[in-house]
Every structure is written in C-alpha cells, then in structure tokens.
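Hi everyone, thanks for coming. Let me put the sequence and the structure up, and then we'll walk through a few spots together.

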Amino acid sequence: MDTDIITTDTSGKFDFAAHLVTRDAYTARFTKTEEIATNGISTYDIVRVQRHLLGIEPFESPYEYLAADVDRSSSVSIADIIHLRKLVLSIESSLPTFQPWLFINGNYTFSNQINPFVEAYSGNATSFPITAQGVIPPISVIAIKVGDLDFNAK
Ligand SMILES: [Ca+2]
Ligand SMILES: [Ca+2]
C-alpha cells in the first residue's frame with residue numbers, strides 16, 4: 001500500500017479532486033497539534049461544566065459531553081473541573097489527555113445524545129475510509145478541543 005501524507009493548509013481545507021486518483025481507496029486521518037494547552041480554555045469553560053453538573057444548565061449535545069470529559073474517564077465529574085482549573089491557574093501545564101483534539105464524523109448521529117461515551121465511536125474518529133468511485137463525497141468533520149465547552153479554540 002502506498003502511503004502519501006498530504007497536510008492541509010491552516011484552514012484545514014483539502015481538495016481531494018486536485019490530489020487524488022479516483023480509482024484508489026483512501027483513508028483520511030485527522031490530527032491537530034497543540035502548542036498552547038490553554039487554547040480555547042478559560043474560566044468560562046469551567047463555569048459551563050459546573051452549571052451542567054449542578055443541573056442549572058445541562059449539556060444538550062454529545063459534543064459538549066465529549067469536550068467536558070477532559071480526563072477521558074467516560075463521564076463528566078468534578079475531577080474534570082479540577083483538571084481544567086489547574087490548567088487555567090497554570091498549576092498543570094496540560095490536561096491529562098494524550099490527545100487534545102477529538103475529531104468526530106459530522107455525519108454520525110449519536111444514538112444517546114446525553115451519553116456518547118458508551119458508543120464505540122465516541123472516543124476519537126481520526127480515521128475515515130474513503131473508497132473513491134467517481135465523485136468523492138464531502139467529509140464533514142467536527143473538531144473538538146478537549147475542555148473547550150463554548151468551542152472557541154482556534
Ligand atoms: Ca471525566
Ligand atoms: Ca472555551
């Protein structure tokens with residue numbers, strides 16, 4: 001199997017038609033390096049998780065649950081808040097996750113909107129198999145910075 005790695009520009013956009021031969025099969029993989037651990041993470045995000053845990057303003061989307069589970073324990077708890085607080089206060093230099101960004105197939109519908117952790121898919125979908133027969137369908141990917149509840153990370 002040939003492996004060519006093509007990196008997108010900073011916008012993340014990639015034109016398959018311009019680079020690929022349509023008779024082959026491809027796998028699209030997504031990664032994003034993070035130099036600044038606090039990118040997108042502020043006191044606001046901590047408050048947002050607190051409001052969810054207190055039942056004041058429960059999360060409404062599976063993406064919020066996945067973003068809030070910063071220690072990847074498959075649940076949102078006070079432990080996640082403690083990690084976020086240590087990061088914001090510079091007590092810790094990073095969150096206890098080996099991968100700061102999650103990539104979710106935008107076309108995937110979680111069967112349980114308030115407990116995405118039980119789905120095999122929910123961990124991280126960095127790999128999208130593509131079998132190109134003629135036109136390659138658009139790939140929709142939702143990138144989530146772990147710990148960023150209002151999705152303002154760059
Ligand atoms: Ca957790
Ligand atoms: Ca944020």
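So, are α2 and α4 roughly parallel or roughly antiparallel to each other? Before I answer, some housekeeping. This is a predicted model, where local features need pLDDT of at least 70, side-chain atom pairs count only at pLDDT 80 or more, and totals for chains, interfaces and linings use all residues. Residues are numbered from 1 along each chain as its sequence is written, while chains are lettered from A and ligands numbered from 1 in the order in which they are written.

Helices here are DSSP runs of H or I, at least four residues, and strands are runs of E, at least two, numbered from the N terminus. The axes of α2 (residues 43-53) and α4 come within 10 Å and cross at roughly 165 degrees; axes are lines fitted to C-alpha atoms over the stretch in contact, with angles from 0 to 180 degrees between N-to-C directions. The pair is therefore roughly antiparallel, the word for angles over 145 degrees.

Which residues touch? From α2 they include Ile 46, Val 49 and Leu 53, and from α4 Ile 81, Leu 84 and Val 88 are among them. Contact means C-beta atoms, placed from the backbone, within 7 Å.

Now the loop between α3 (62-68) and α4 (78-88), where we find Ser 74. Its phi is positive, near 65 degrees, and this is not a glycine. Ser 74 is partly exposed, with 14 other C-beta atoms within 10 Å; buried would be 20 or more, exposed 12 or fewer, and partly exposed is in between.

Finally, Phe 151, in the segment after β4 (141-145), has a positive phi of about 55 degrees.

Terms used
Angles under 35 degrees count as roughly parallel, over 145 as roughly antiparallel, 65 to 115 as roughly perpendicular and the rest as oblique. Two residues are in contact if their C-beta atoms, placed from the backbone, lie within 7 Å.
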